[in-house]
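Load the model and keep a selection panel open. The tour below goes from one selection to the next.

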Number of protein chains: 2
Amino acid sequence: MNEQEKLDRARERVIETISQNMNLYGITPSIGRLYGLLYFKDHPMTLDEMKEELGMSKTSMSTSVRSLQEMKMVEKVWKKGSRKDQYQAEEDWHQTFVDLFTTKWRPSISINIIAIEKSIFEMERILEAKEVTEEIKAAASDDIKKLHNALQYYDWLNRLVDSFESGEIFDLVSK
Amino acid sequence: MNEQEKLDRARERVIETISQNMNLYGITPSIGRLYGLLYFKDHPMTLDEMKEELGMSKTSMSTSVRSLQEMKMVEKVWKKGSRKDQYQAEEDWHQTFVDLFTTKWRPSISINIIAIEKSIFEMERILEAKEVTEEIKAAASDDIKKLHNALQYYDWLNRLVDSFESGEIFDLVSK
DNA sequence: CAGTTCGTACAGTTTTTACTGTACGAACTA
DNA sequence: TAGTTCGTACAGTAAAAACTGTACGAACTG
């Protein structure tokens with residue numbers, strides 16, 4: 001094995017390992033591998049180049065790179081003389097982590113809160129109703145209490161995401 | 001629709017919504033639904049009861065509840081007079097979040113660090129080697145720099161997990 | 001304007017993951 | 001000790017996700 005091969009192999013080990021562990025971020029291995037490829041290239045790449053290096057379809061490259069863009073892990077850059085779109089990886093993983101956390105978590109926190117609030121409202125109507133047995137009211141009351149705890153948790157989570165987004169988290173845990 | 005049905009429906013909305021959004025925690029919807037069920041029951045449940053309520057196989061309940069246990073979201077409790085195992089949901093979601101984060105992230109951080117360190121070592125050997133072209137050395141040197149950045153990130157992530165585990169995070173973002 | 005090139009929607013296929021039913025060991029019961 | 005009950009391993013099946021190839025609109029080129 002020559003030195004170039006050794007270097008490639010060492011690089012690929014890291015790409016492979018990281019992409020395998022990216023499911024924690026909600027990222028599939030093949031998308032992770034693409035990110036790894038872009039991370040180690042010191043210049044932007046086109047869809048055709050990615051396709052070539054990973055041996056996958058251009059369609060996959062197109063959709064994968066788009067989802068990486070949505071997660072702000074990759075950005076499109078303009079390069080003179082090329083009609084093709086060029087993409088490069090975001091280099092600062094702290095920033096990537098924060099963005100990922102924010103873009104992924106924020107929407108689902110909102111969805112959960114809305115569902116919980118709606119259910120609390122309906123349960124409170126049950127408590128007010130006349131013809132309801134005490135047993136059902138007790139159950140409703142119990143559920144309402146649990147849902148308020150849940151709301152409190154989601155509020156906390158929202159504030160946690162705030163602290164990520166604002167960079168305040170780096171005061172507690174420095175880079 | 002009677003009041004009992006209204007209550008059930010309100011409760012199920014929350015369970016369904018939350019379980020759908022649990023993929024962020026790396027939890028499948030059906031496991032999330034099981035957790036939701038346990039969360040709203042104010043008493044521990046057996047595998048047979050879960051099977052009954054969710055209309056799924058006992059095998060699924062057994063494996064699902066085990067993964068919930070591993071994530072510390074559910075615990076087995078002893079109940080006198082019953083030979084069957086009884087399970088109940090962890091109620092404090094802040095704690096659940098912290099545990100989840102810790103148990104899921106810690107191992108994969110370690111794996112990534114090990115792979116990176118191994119590759120850095122190999123790349124440094126390339127730099128020291130005699131018969132290597134300057135071009136390859138430059139590439140190796142570049143990669144090493146990137147890997148050191150990665151290590152720095154994982155160190156940060158480890159300290160972030162520390163602050164979750166120790167509860168220090170709640171100083172920054174209060175409950 | 002006709003001819004290219006590029007990126008992506010969409011449908012179909014392959015691969016992966018989730019779920020079920022059978023079967024069996026362990027722990028209890030009489 | 002024989003008979004139950006309980007939980008789970010394992011193999012097979014059903015469902016879901018990832019990936020590809022075709023096809024086409026948009027943007028460029030001559």
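How many salt bridges are there between chain B and chain A? The count is four, where a salt bridge is a side-chain nitrogen of Lys or Arg within 4 Å of a carboxyl oxygen of Asp or Glu. Over all chains the structure holds 30 salt bridges.

Some conventions come before the next selection. This is a predicted model, in which local features need pLDDT of at least 70 and side-chain atom pairs count only at pLDDT 80 or more, while totals for chains, interfaces and linings use all residues. Residues are numbered from 1 along each chain as its sequence is written, chains are lettered from A and ligands numbered from 1 in the order in which they are written, and side-chain values use heavy atoms, with hydrogens and water left out.

**Stop 1: a bridging pair**

Select A:Arg11 and B:Asp143. Their side chains meet in a salt bridge, at 2.7 Å from N to O. A:Arg11 belongs to helix 1 of chain A and B:Asp143 to helix 6 of chain B, so the pair joins two chains. Helices here are DSSP runs (H or I, at least four residues), numbered from the N terminus.

**Stop 2: the interface**

Now select the residues in contact (heavy atoms within 4.5 Å). Chain B contributes 62 residues and chain A 62 residues. About 5800 Å² is buried between the two chains, with carbon and sulfur atoms giving 67% of that area; buried area is the accessible area (1.4 Å probe) that two parts lose on being put together, summed over both. Pick out B:Leu24, B:Lys146 and B:Trp156: they supply 12% of the area that chain B buries against chain A, more than any other three residues.

Between the chains there are also 20 residue pairs in polar contact, both residues at pLDDT 80 or more. A polar contact is a pair of N or O atoms within 3.5 Å; within protein, one must be able to donate a hydrogen and the other to accept it, and residues adjacent in sequence count only if both atoms are side-chain atoms. On the side of chain B that touches chain A, helix 6 of chain B gives the most, with 18 residues. By class, that side divides into 34 nonpolar, eleven polar and 17 charged residues. Nonpolar means Ala, Val, Leu, Ile, Met, Phe, Trp, Tyr, Cys and Pro, charged means Asp, Glu, Lys and Arg, and the others, Gly among them, are polar.

**Stop 3: the largest pocket**

Centre the view on A:Asp8, A:Arg11, A:Leu37, A:Lys41 and A:Glu53, the closest to the centre of the largest pocket among its 18 lining residues. A pocket is an open set of points on a 1 Å grid over the protein atoms alone, where a 1.4 Å probe fits, with protein on both sides within 12 Å along at least five of seven lines; lining residues have an atom within 4 Å of a point. The space in this pocket is about 470 Å³, a volume being the space filled by probe spheres set on the points, which are joined across faces, edges and corners. Helix 1 of chain A gives the most to the lining, with six residues. The lining has six nonpolar, one polar and eleven charged residues.

**Stop 4: the second largest pocket**

Move to B:Arg11, B:Ile15, B:Leu37, B:Lys41 and B:Glu53, which lie nearest the centre of the second largest pocket, lined by 16 residues. Its volume is about 390 Å³. Helix 1 of chain B gives the most to this lining, with five residues.
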